[in-house]
Amino acid sequence: MVTDSRRQQADALLKNLQQQQGGQLKIFLGAAPGVGKTCAMLNAARERMQQGTAVMVGLVETHGRADTEALLQGFELLPRRQLDYQGQQLTEFDLDAALAAKPALLLVDELAHSNIPGSRHKRRYQDIAELLAAGIDVYTTINVQHIASLNDLVLQISGIRVKETVPDQFIDSAQQLVFVDLAPNHLLERLQQGKVYVADYAALAVKQFFQLETLTALREMAMKLVMSHVDAQLKTEQDAKARGSDYLIKDKLLVLISNRRDHEYLIRIGRRVAEKRQMPWVVVWVDTGQMQYQSTQQRLQSAFALARELGAQTDILRGPSTLQTILPYITEHRINAVLVGAGTKRVMQPWRKPLYQQLINSGLPLEVSVYRSGESAQQARVSAPASGTFGQKAGYAFGALFTAAASALALALDQWLQSGNLVLIFVLAVVLCGLKYGARPAIFTALLSFFSFNFFLTEPYFTFNVNKNDDVATLIFMLVIGMTCGPAASRIRQQLLLLKEANRYSELQRDFAQQLTVIHQTDELWTILATQLTQALRCPVHLVSFDSDQQLIPALNQPLLALDQAMIDWSRRHQQMAGRFSDTLNASQWTALPLVVQGKTIAVIVLQFPATVQVLRPDDRDLIATLSQQAVSVWQRISLNTELESSKLKAEMEQLRSALLSSVSHDLRSPLAAMMGSAESLQVLDQQLSKEDRNELLSTIMLESQRLDRYIQNLLDMTRLGHGTLKLERDWVSVADIIGSAKQRLKRFFPQVDVEYEAAPDLPLLYAHAALLEQGLFNILENAAKYSPDGEPVRVWVSQQGKVCRIEIEDSGPGIPEVLREKVFDMFYVVADGDSKRHNTGMGLAICRGMIGAHGGSVKATSARVGSGSRFIVELPLPETQAGD
């Protein structure tokens, strides 16, 4: 009980938080037109305007009433939107203009209004929901007969089915519900005086809602609704502050609907029961594998849409029978109240008990409530197709054909088989018909087989008389077996269809999951998801990705229409379904479903179902949701990997930056310090220095400036390599010339180091950038010279290995450990060798690999052929014209 109390407190706090976010909604509720809702709304808005609030009238319907028009004076009016509908120019509330103006308070009359086809939303309350989400406060009006859950009750009171309704869930979201009241007799007087409707409409209104008993009943309904709303707000405040009394564990209501009957009235009753008893509720339909027609699919979709509008959860179960499927569900979800329709008598199966009776006899601790729709609701009920009541029409024709074939075969075998064996031929026909077309055609086939067997195979032949007792027993046996096997075969068929459909979805999900395991790019993920949905739904499916720029995957041959693009943008912003099969921009031929991760829309699925498809099946919706959820999980994995790679790259860049700063601070400072010291000595001690000392200082300045120039050049080369701006101006050059030039440069900086050069005869020319190639080889020679002991030469070998020119440079230094031979080519990496690295920046070998790689070659480090030391092997590709010489 403590846990339940805490949960109620958390739910109440969450509800308060949700109401505080966005704009505030205030609804002026009346029992009928003319009670003064619009006037009360305008007067309340004028008070807000006098307090300094920016108020704008989005839309107010005056219906020609002078007093209402007078109240509009002083308000800023929002221009209406002009729409062309069936050749007529009509005006409608301009939602985009209201969002652009974004006043603090907007007045929008007639909440239950249906928008003109072609508008963004189908209903005006959806426009207001978008205004509230944008942070705009809204005042609006509604009559009690437009509340969705009261639709059937209004029908019983007035005999009129109100088509324009507003979901109770939207009414519940209002922060204030103001009841505008007027006594029924006074309202009738206003109607007669022409203050409600003009004369043409007044006479019609008297025949509809404007009758004393009807107005009184509607007034009572409005009062109860406002009281219920106030009680709910009070309870929410008490729960949020934990001031409520001891709370009991709530019941849970299950509303069981059928696709063969109009059960919307049952859903509305369920809403009222759940609201009155403050209990969660769920609407369930059981798919037993029977054929679904367009009318039944539309009816089922409409029922589920209504249930979601009224705040219920919806679920679809699959099983061989409703009772066998629903009982485990009731036990698992701890449901203790079931609301079910009374149903109709089974003419074909009078021995079967109604479903509610089976639930009562199930032995579960259930409260079963049974409701039967009124006569007016029955008149509005959409009848099932004739083929849906009696099975498939083709089944009867094929049943007759199967019976004829069985009769012909039995007559042919009559001389060799006994009548008891011939019966099996007819039973086989019954079973085949049941497996193919269902129970009712199978029963028809069994009866037809009975008469055929009697007519053709029992004495006296070609009559329906029976003389032998054995033949009578045979006929009865055949009829019982046929009547039993036919429905049994039908049930097997239904289970097979259910299993086949379930296996199809399972295989689709399994194949999709296998494909997702090897995906590492978001574009590839969206392509596979679109392909899988296209195969599953048998219609074009595309995804609009928002990873960088908006991108349609796979691409369309022609761009989307402006309406389709607006649908996608709305679905992305509001994270709701839009387009066909929805109430938002449903003039589009496409349907948009957003993929949302942590409040962010990462992509939008757009589907184009054929025109013959009139409803989005719940199975298809579930499949789309399942595959989309799997894709979202993979997208999160890819995003996480990308973030990890980015973090790793940032860490490496930070390490590189630290190494660069360290290297720059050392290698720039050392030559600059030497140059500054020598220059200062020349300036201060100019007269006291000998010519030899002066030349030595000048020589130091020259050498250190050259070393500084080489360092800066190395930085520039690395920048050019890193940004890909290094351009190769190739020409035919000799390997000997390049190495000779590099040796001369090395001699200027390391005059004490000898270079031993050995080349194979008849070496081909290289097609390369001579200066860059020389710089790369010079960096290796310089590295070898730094680490070679005094008196030890640097050895260079050049040879041709097939289509490759191979250059080997070897020193006699301490060598490079095997584990570090690849790392020496990293930026700013220097082998730890004490003071010998003091003039090494760690960029030379990295630059060398970049320049050699720019020519399509490679460079690697290994051990010397003899003794200690390192050997660098450079391989450069030879042009095709010379490689084969």
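**Group meeting: cores and helices**

Okay, let's start with L766: if we skip its neighbours within four places in sequence, L766 is in contact (heavy atoms within 4.5 Å) with D731, W732, V733, V735, L773, C805, L876 and L878. Quick background: this is a predicted model, where local features need pLDDT of at least 70, side-chain atom pairs count only at pLDDT 80 or more, and totals for chains, interfaces and linings use all residues. Residues are numbered from 1 along each chain as its sequence is written, and side-chain values use heavy atoms, with hydrogens and water left out.

So where does L766 sit? It belongs to the largest nonpolar core, which has 37 residues. A nonpolar core is a set of buried Ala, Val, Leu, Ile, Met, Phe, Trp, Tyr and Cys residues joined through side-chain atoms within 4.5 Å, and buried means under 20% relative accessible area (1.4 Å probe, protein chains only). L766, I780, V796, I807, I809 and V874 touch the most other members. Which helix gives the largest share? That's α27, with seven residues. Helices here are DSSP runs of H or I, at least four residues, numbered from the N terminus. There's also a second, separate core of 36 residues, including F93, L177, M221 and L225.

Now over to α8, residues 184-192: P184, L187 and L191 are buried there. They cover an arc of only 60 degrees around the axis (taken from the directions from the helix axis to the C-beta atoms), so they're on the same side of α8.

Last one: the contact of α6 with α11 has two nonpolar, one polar and four charged residues. Those come from N151, D152 and L153 of α6, and E264, Y265, R268 and R272 of α11.

Technical notes:
Helix = DSSP H or I, 4+ residues; strand = E, 2+ residues; numbered from the N terminus. Nonpolar A, V, L, I, M, F, W, Y, C, P; charged D, E, K, R; others polar. Buried < 20%, exposed > 50% of the residue type's maximum accessible area, 1.4 Å probe, protein only.
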